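I am opening a new notebook page for this structure. I will look up the cores first, then the helix packing.

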Amino acid sequence: MRLTAWLPLAVLSAFTALGAATRPHYGGTLRVEVRAAPASLDPGAPDAALLASLVFEPLLQLDATGTPLPRLALSWQRDSSAKRWQFNLRPGVRFHDGLPLVPGAVAASLQAALPGLSVSAAADSVIIHAEHPMPGLLFDLAHNGLVFAHNAEGGLTGTGPFRLASWTPGRTAAFTANDDYWGGRPFLDAIEVQMGRGLRDQLVDLEIGKADVVELAPADLRRASERGGTVWSSAPLDLIALVVAPGRAEDSRVRQALALSIDRATMHSVLLQKQGEASAALLPQWLSGYAFTFAAAPDVTRAQALAAALPPRERTLALAYDPAITAARSLAERVAINARDAGLTVQVSPQNPQADLRLVAIRVPSLDPPRALAGLAAALGLETTGPALSVEVLYESERKLLEDFRVIPLFHLPDLYGAASRVHAFAPPPIARLGEWRFDNLWLSGTAP
Amino acid sequence: MPVNARPHSPKNARWLCDHESLNALLFALLAIDLGMGGAARDLARSVAAAAAHDPVLLSVRNLSTLGPADAAAIRREFESELRARGVRLVDAAPADEIRLTVSENLTNFLMVAEFRRGDERQVLLNSWPRIPPSPQPGGNGGAHSGTLPQVTLEKKLLWEQEQPILDAVRLDDGILLLDTARVLLVRGQERQSVPIPPLHAWPRDMRGRLLASGTVFTAWLPGVVCSGTAQPQLSAECHESQEPWPIAPGAIAVFSTARNFFEGRVAIGSWGAHELPPFYSAAPAGDAWVFAGDGGRARIYTRSWEPGGAIDHWGADLAGVQTPCGPRILATRPTGITEPDAIQPFELVEGMAKTAGPAQEFPGPITALWATGSLATAVSRDLQTGRYAAYSLAPACGS
């Protein structure tokens, strides 16, 4: 439950990986496989976010403790109300096409990424102005503020450590090291990404040496680390929740009975191998600090009482799940078993558009808790909350969003990766808090000198 | 900067949130830092109002990165304020329950009081801004072995700082340091620095070399050379240059402008010039030279540039140092960047590396090791604090 609770896995893995290392080596091609199959590398496309983090950069980034550090912005100031922020750009930075990073391009990028805010360019800086105080703007920018420009061919170009070398939509992508990167040329010469690979295929490719970095399901962690490989994880950032479809399960007693029947702890331990956190909150504990106050333990007796008071026809629910969600089918079936103990019948099927309930996975959209909560609420079809200036107001907003049980949070899960034994991180972690790839600090053993 | 949340009741909080015009004023008030103790007392007042004068069973837990002493202080403040407000704390049920949790998020520490009375449950929160923990001074690590060694290394801390140190040299009246952004002169309490202009992007795992003669110094960085003087004021001029770096007295080698290694072109006094495989560091060893390369393997070359064998299980950093016992090689271990490292003296005997003294331990990985004459400089990144510390290593002989 601690803020840094997600770190030990990555740290432990780093220790085992670097046991025989000396200085990092330059060179080599990293082979990566992912499930996502984005059609473009547009930073605004949600399924392209990971790959985009190789090419595009934000104004700032967070260190392991959550402290903002300069990236494309060297410094920043705000006024006393935190409505007006000025970000002074790092001099000498160039886009991959050779053009200099200028405030106008930054302002245009940020304006697209931060709707509702006014972004303008000054001499060597950009200015962001909001109608209301934005004390968490730095955290939002660290995640959502990738800077890009349009190149002469009409495509997008970035300033990041890798250049896009080739792109076959939804299938493959190749990136080469940016020799002129302001932060130093990456150790790797290139990264090759295969998209649209299922988790099972990825694991096999890791085991037979066809891939260096793959995504992992929680159940495959042990297997991935058995051959000297390492495991990396992000913070828990995917909300897994049950969402009641509009107009369905209108009697609040059935929704509450279902919520009270769910044994998250067992699912977390068995099906998810204790990865991430069992949670009855929308925001993960590391982001809000108060998620534990939302009771996650089952109360089967009370659930039974609520269910018993329902008309029999109200006690049956159809639950749909997206097979792409980690352990979705197992989780959905376990929900059905728990519900049965409470006297409810839950019929599980994949992608049933008529279902009363859906098992969904939604990524935390921001590192700024109020914006994260607003984003999650919008994605879940809940009434969007206004700006929260304090933890107390944020807590109260979240409590109200959940009080009618139309959304039943279950878990917050991290992104998990397995890496081959030849992959090392010069400056961990290779996966940032919100899952962005920091592959510019990876190096491969067995390369020159 | 993180923003403090001045505590107020949830009811008031909702009201204020609904009135946008007051938000700016509220925000200004929020900037007042009540701190940990103030937050505890304020939360206790809210809890006391809810508890009235009924007996209360209090439990406290800490889910934050605050230490036990801070958690205990919070408990003391909280209990003290509850008692001052007439709340009677008891040790056993039946009683109302207050579970106080100290927690945190990215910007704030939180104090969360869960108040239970029968089936009723009320959650009250308060917060105060997080302050990044101050790095602790680096440890000095490493004890000497109890045996009678041939060469011992006396380790002395020269300087420590947040930024990576590339090299350091002692002057008559101070210390001169080279880091990734500047040359720094430390002379008693006086500090002077000259920036190194960003003539091009630096490579990762950046390295640099600093040599001084009297008050004049030269700094070599990847693709850049700086020349300067420490008197009367510290000054330096830097320019892009492919000039080889000195790797030992009378020996130079070309360092890659965009990598962390020497390219392999090397010239050694009477040996002449030669092209070797790339290497990280090199050290003379009597009639031979040793070049540290890939994967903890050091290659030995004899006078005619003939391969003379290899030594495994050394790290990437070597340096040749003159000791009262004769020339020795200082070598790091083949550890990773997340492990403590050590530097040990070795002697090359018939192509074999023989231990010449006890290892000097460091609190983290060695990020630089250079030697000039009878003195070596090592830089280590402290794994606890993340700070870089430069040490001088003076070899002694016989005991």
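**Entry 1: the cores.** I am working with a predicted model. I started with the largest nonpolar core, which has 170 residues. I asked which residues have the most contacts inside it. They are A:L319 and B:M111.

I then listed what B:M111 touches, leaving out residues up to four places away in sequence. The list holds B:A39, B:A40, B:L43, B:I74, B:L100, B:V102, B:L125 and B:N126.

**Entry 2: chain B as a whole.** I looked up the secondary structure of chain B and found four helices and 30 strands. Chain B has 399 residues, and 43% of them count as buried. I also checked how far its contacts reach along the sequence. Among contacts between residues at least 6 apart, 51% join residues at least 24 apart.

**Entry 3: helix α3 of chain A.** This helix covers residues 103-113. Which of its residues are buried? I noted A:A105, A:V106, A:A107, A:S109, A:L110 and A:A113. The partners in chain A are the strands β5 (84-89), β6 (118-121), β7 (125-129) and β8 (149-150), together with helix α4 (137-144).

**Entry 4: α7 against α10, chain A.** Two packed helices are described by the angle between their axes and the distance between the axes. I looked up both for α7 (residues 252-261) and α10 (residues 300-308) of chain A. The angle is about 155°, and the axes are 8 Å apart. The two helices are therefore roughly antiparallel, since the angle is over 145 degrees. α7(A) passes α10(A) in a left-handed crossing.

From α7(A), the residues in the contact are A:R253, A:Q256, A:A257, A:L260 and A:S261. They meet A:V300, A:R302, A:A303, A:L306 and A:A307 of α10(A). By class, I recorded six nonpolar, two polar and two charged residues in this contact.

**Entry 5: α7 against α11, chain A.** How do the axes of α7(A) and α11 (residues 328-342) of chain A cross? They cross at roughly 115° and come within 8 Å. That makes α7(A) roughly perpendicular to α11(A). The crossing of α7(A) past α11(A) is right-handed.

On the α7(A) side I listed A:A257, A:L258 and A:S261. On the α11(A) side I listed A:N338, A:A339, A:D341 and A:A342. This contact has four nonpolar, two polar and one charged residues.

Note on methods: Residues numbered from 1 in each chain as written. Chains lettered and ligands numbered in written order. Predicted model: local features only at pLDDT ≥ 70, side-chain atom pairs only at ≥ 80, totals over all residues. Core = buried A, V, L, I, M, F, W, Y, C linked by C-beta atoms within 7 Å. Buried ≥ 20, exposed ≤ 12 C-beta atoms within 10 Å, placed from the backbone. Contact = placed C-beta atoms within 7 Å. Axes fitted to C-alpha atoms, helices over the stretch in contact; angles between N-to-C directions. Parallel < 35°, antiparallel > 145°, perpendicular 65-115°, else oblique. Left-handed = near helix turned anticlockwise from the far one by under 90°. Nonpolar A, V, L, I, M, F, W, Y, C, P; charged D, E, K, R; others polar.
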